[in-house]
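Dear colleague,

Please find the structure below, handed over for your own work.

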Amino acid sequence: MEHIRTTKVEQVKLLDRFSTSNKSLTGTLYLTATHLLFIDSHQKETWILHHHIASVEKLALTTSGCPLVIQCKNFRIVHFIVPRERDCHDIYNSLLQLSKQAKYEDLYAFSYNPKQNDSERLQGWQVIDLAEEYKRMGVPNSHWQLSDANREYKICETYPRELYVPQIASKPIIVGSSKFRSKGRFPVLSYYHQDKEAAICRCSQPLSGFSARCLEDEHLLQAISKANPVNRYMYVMDTRPKLNAMANRAAGKGYENEDNYSNIRFQFVGIENIHVMRSSLQKLLEVSGTKGLSVNDFYSGLESSGWLRHIKAVMDAAIFLAKAIMVENASVLVHCSDGWDRTSQVCSLGSLLLDSYYRTIKGFMVRIYSLVLSGGVRCGHLDGDPKEVSPVFTQFLECVWHLTEQFPQAFEFNEEFLLQIHEHIHSCQFGNFLGNCQKEREELKLKEKTYSLWPFLLEDQKKYINPLYSFKSQRFTVLEPNTVSFNFKFWRNMYHQFDRTLHPRQSVFNIIMNMNEQNKQLQKDIQDLESKIKQRKNKQTDGVLTKELLHSVCPESPTLKTSLRFKEQTLLPVNDALRTIEGSSPADNRYSEYAEEFSKPEPAVVSLEYGVARMTC
Amino acid sequence: QLECALSTLDSITLMYPFFYRPMFEVVEDGWHAFLPEQEFELCSSATSEWRLSYVNKEFAVCPSYPPIVIVPKSIDDEALRKVAMFRHGGRFPVLSYYHKKNGMVIMRSGQPLTGTNGRRCKEDEKLINATLRAGKRGYIIDTRSLNVAQQARAKGGGFEQEAHYPQWRRIHKSIERYHILQESLIKLVEACNEQAHNMDRWLSKLEASNWLTHIKEILTTACLAAQCIDREGASILIHGTEGIDSTLQVTSLAQIILEPRSRTIRGFEALIEREWLQAGHPFQQRCAQSAYCNSKQKWEAPVFLLFLDCVWQILRQFPCSFEFNERFLTMLFEHAYASQFGTFLGNNESERCKLKLQQKTMSLWSWVNRPSELSKLTNPLFEANNLVIWPSVAPQSLQLWEGIFLRWNRTSKYLDEAYEEMVNIIEYNKELQAKVNILRRQLAELETEDGMQESP
């Protein structure tokens with residue numbers, strides 16, 4: 001609280017992000033310990049969590065006041081104009097402090113209190129259980145065992161305690177290998193394909209330099225290939241571009257020499273590093289945020305940002321991985337440099353292609369949890385080196401979204417679920433994504449001090465269900481996406497999720513979702529009605545009923561009441577469908593630069609016509 | 001020139017529609033499904049300011065107009081003849097759309113033939129002003145840039161001088177025509193057909209085709225027109241050069257935005273009949289070869305396809321506001337380019353009369369408007385609404401029409417299955433609702449029976 005000097009500023013203007021004529025809403029800005037809140041004159045609220053703020057910028061003073069531009073990690077961009085420079089300065093300084101915390105303990109998760117007791121909180125953390133997950137995958141078994149080598153984080157600080165390695169890999173081999181791998185991240189199991197008895201393993205780059213070898217490492221890789229009873233050779237996938245990997249050799253790192261390892265096939269897949277990805281995303285956002293953007297600028301910007309090229313590269317790598325297992329029945333070892341960003345991405349996406357369990361709501365949570373434990377989500381929650389922040393997780397979600405576009409019935413969850421998860425990656429409201437590895441997470445006592453996101457999402461599950469999901473009992477139905485370039489599209493609902501005017505005004509998904517829900521209710525109604533009718537008929541045939549008895553049953557039966565009320569409800573989808581049209585107005589869409597010639601104020605007309613419209617948030 | 005025209009007519013009579021023998025029973029003859037008189041009734045029921053004129057009965061005043069047009073009541077046929085002399089191709093201003101909500105109208109015409117010395121036509125000025133209410137102003141939307149419009153004066157064309165039309169304000173919106181559009185289509189189709197393109201190349205080819213730029217220009221202009229009518233309460237006149245291409249794109253799209261009826265199957269068919277076929281869009285010239293022609297076709301241009309694409313964009317944004325689905329649009333695209341039906345043959349009504357299409361060929365509408373066909377083209381999500389629908393024209397909101405351009409380049413199996421599943425859910429919902437209603441009635445009957453037994 002010591003950072004907050006001003007808690008309330010009136011007469012602040014919120015500019016329309018895309019308006020070329022400085023259209024704005026006037027309202028009051030509030031600063032709380034956790035949020036920045038703007039309430040406009042229509043009482044519409046805009047909440048911005050301090051942790052979501054990626055950057056705050058104070059622009060040069062204008063005649064109408066002092067502009068303050070806030071960019072958020074969930075891609076919201078707000079542009080305020082604060083009448084007095086002094087207020088603007090205070091808010092600016094406060095936000096700078098509040099948005100960048102130096103200590104984990106200052107993050108929202110440690111103060112967030114959803115009114116649950118300790119046991120409820122603990123239960124929440126137990127929703128996702130990795131031991132259960134390994135059991136589901138079918139390990140341990142005769143080829144794979146749980147290793148206690150890293151139980152005390154002695155071999156590798158950034159790995160979890162529980163690691164699965166080949167049955168025949170002894171501890172000295174593991175220790176030896178870990179010394180030959182960057183940051184000690186030796187090859188471990190990431191996913192086991194029970195049907196094919198093939199494994200996806202992960203590690204970091206070898207410290208091979210130009211010629212160094214490590215017998216233990218070679219043994220460990222051999223052990224992995226031997227753990228596959230069907231195919232004795234394995235793939236080693238280096239997810240980096242070859243040039244990057246070669247440059248690493250000069251620093252004593254590098255990649256595996258095929259000659260030194262028996263039975264490996266080495267392959268580069270060319271995914272760029274996080275620095276390239278970060279600046280690519282930055283470019284993408286710059287382009288899509290341009291006022292009065294032309295179609296040509298949009299597409300040339302999309303091209304030069306390289307973003308979709310990177311998405312395609314990740315997808316292609318995952319497909320390569322899945323094919324190695326499905327077609328060749330080979331195990332695959334994946335690594336990049338340190339083995340967290342690209343490696344986690346590719347392993348996760350690959351297993352999602354292979355195993356339909358990860359396409360369910362619960363399964364996806366499990367996959368994300370293991371992604372977190374393997375260090376695949378480093379989002380820079382603390383004020384630190386911005387160079388280590390990576391959009392890898394955003395990319396992973398985008399790849400999944402592309403899959404949902406190509407396979408609309410293969411996923412139990414919908415786009416909203418992906419967006420919600422993305423929102424909380426950065427919100428720091430829940431403990432799930434804090435800390436970079438299990439050790440750090442334990443030291444932070446996250447399970448005691450913070451809440452888990454998953455039970456909250458599960459509670460709201462209805463919102464995240466894909467109504468078109470077709471449940472296939474077969475666990476191993478492989479997705480084979482087509483990665484021809486035209487199948488990749490700009491993810492508008494992610495990068496413009498707060499720019500309502502850019503989206504379709506009616507959502508097919510919502511309507512089908514509501515209808516699905518309604519169908520369930522109707523089925524129940526039919527049952528109720530049928531049993532009531534049966535009851536009636538029985539009574540009529542009995543014919544011995546007394547009047548009192550009849551009275552007590554028939555007049556105000558609760559089921560009938562609900563079904564009558566339901567009759568009104570059946571009209572709801574129509575209104576729901578129209579709900580969003582209210583956002584549709586010519587003023588929002590800037591068809592004309594002749595706006596000034598049109599004298600009437602637009603919004604008043606809009607709200608009149610759509611008198612039925614409700615507030616949406 | 002006449003010879004040339006006749007030879008095209010001759011070759012047309014050798015085309016498939018003249019030999020096609022339908023294997024279905026005609027329920028309603030599509031040639032008589034959308035008569036101008038009937039269409040006029042929709043407007044005459046609301047206002048008496050307009051009348052039907054038969055001045056073009058013999059196609060003498062304007063060869064590209066139909067025999068019957070709607071004009072202001074106060075303007076007689078003699079004046080129309082004079083105005084026709086002052087407008088490109090004889091296309092004097094006629095009514096395109098009457099907005100019942102506020103009585104504002106969309107008119108369309110050819111460019112005024114002002115030439116370099118600023119010719120005037122009193123009757124033209126009178127006609128246009130006749131559509132304005134006292135003290136009201138109107139907008140003239142010229143679908144050419146100011147530059148192009150100015151250049152047109154050298155060839156005898158031009159635009160309305162504000163000095164002579166003081167109650168009107170001119171807005172120039174540039175929409176491309178002819179070979180520029182055709183090249184755009186060819187480039188786009190080329191880009192879509194090459195599967196091996198890497199991401200950068202695909203995106204740059206997509207950009208270089210300019211297709212979506214054209215979509216954005218057309219949609220923006222249509223939205224602007226609709227905005228004038230519905231929000232500014234101002235009538236508009238739309239024209240480009242000849243008034244048979246971009247003009248029709250704008251007038252028809254503005255109606256899609258403004259008028260709920262034009263978003264129904266029947267209303268959309270009527271719109272195509274009125275604003276494209278009768279309004280004289282030269283289908284024969286524009287849709288001869290589509291994207292795959294090696295020789296340069298001078299008159300070829302995907303004007304109608306662009307219109308359909310724009311409708312698809314609006315349909316994407318308002319998926320519940322249209323009675324028809326994407327297949328309906330795809331179907332229209334196919335028939336405009338190659339069809340067993342006579343509907344899209346010829347360049348205007350005059351040619352169609354000469355070809356005796358009504359007698360010799362089958363109308364597309366006769367085939368489409370049968371229940372078995374309609375069921376495939378109906379949007380299961382349709383819920384009629386009376387609102388004006390304002391689409392977003394931001395580049396992020398516009399998409400490549402995959403159903404047309406990527407149709408043969410990818411499998412749509414999973415998308416089709418998902419669509420079917422969606423239809424199933426909706427059908428099931430209807431079924432359940434019907435059942436609940438029956439049961440409810442049954443229960444109510446039982447209850448009244450019981451009540452009667454009780455009362456004595």
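What is the mean pLDDT of chain A, and what percentage of its residues reach 70 or more? The mean pLDDT of chain A is 85, and 86% of the residues of chain A reach 70 or more; pLDDT is the predictor's confidence in each residue, from 0 to 100. Over residues 545-583 of chain A the pLDDT is below 50, yet this stretch has 64 contacts in the model beyond near neighbours in sequence, a contact being heavy atoms within 4.5 Å. Residues 593-597 of chain A also stay under 50, and for them the model has five contacts beyond four places in sequence.

Before the details, a note on conventions. This is a predicted model, in which local features need pLDDT of at least 70 and side-chain atom pairs count only at pLDDT 80 or more, while totals for chains, interfaces and linings use all residues. Residues are numbered from 1 along each chain as its sequence is written, chains are lettered from A and ligands numbered from 1 in the order in which they are written, and side-chain values use heavy atoms, with hydrogens and water left out.

For chain B, the average pLDDT is 92, and 96% of the residues score at least 70. Among the elements of chain B, the highest mean pLDDT, 98, belongs to helix 9 (residues 246-258), and the lowest, 55, to helix 1 (residues 2-12). Helices (H or I, at least four residues) and strands (E, at least two) are DSSP runs, numbered from the N terminus. Residues 1-7 of chain B have a pLDDT below 50 and zero contacts in the model beyond near neighbours in sequence. Where pLDDT is low, the predicted coordinates should not be read in detail. The model as a whole scores ipTM 0.92 and pTM 0.91.

I turn next to the interface between the chains. The contact takes 83 residues from chain A and 79 residues from chain B. The two chains bury about 7,400 Å² between them, with 62% of it on carbon and sulfur atoms; buried area is the accessible area (1.4 Å probe) that two parts lose on being put together, summed over both. There are four salt bridges between chain A and chain B, a salt bridge being a side-chain nitrogen of Lys or Arg within 4 Å of a carboxyl oxygen of Asp or Glu. B:Asp200 and A:Arg309 form a salt bridge through their side chains, at 3.3 Å from N to O. Helix 19 (residues 508-542) of chain A supplies the largest share of the side of chain A that touches chain B, namely 18 residues.

Chain B is itself divided into domain 1 (12-410) and domain 2 (412-455), with bounds that come from an automatic or database domain assignment. The C-alpha centres of these domains of chain B lie 42 Å apart. Six residues of domain 1 of chain B are in contact with six residues of domain 2 of chain B, and the area buried between the two is about 500 Å². Zero salt bridges are found across this domain interface.

Finally, some local features of chain A. The side chains of A:Glu133 and A:Arg136 meet in a salt bridge (3.0 Å, N to O). These residues are separated by about one helical turn because they are three residues apart in helix 3 (residues 130-137) of chain A. A cis peptide bond, with omega about 0°, joins A:Val139 and A:Pro140. A:Pro140 is found in the loop between helix 3 and strand 8 (144-147) of chain A.

With kind regards
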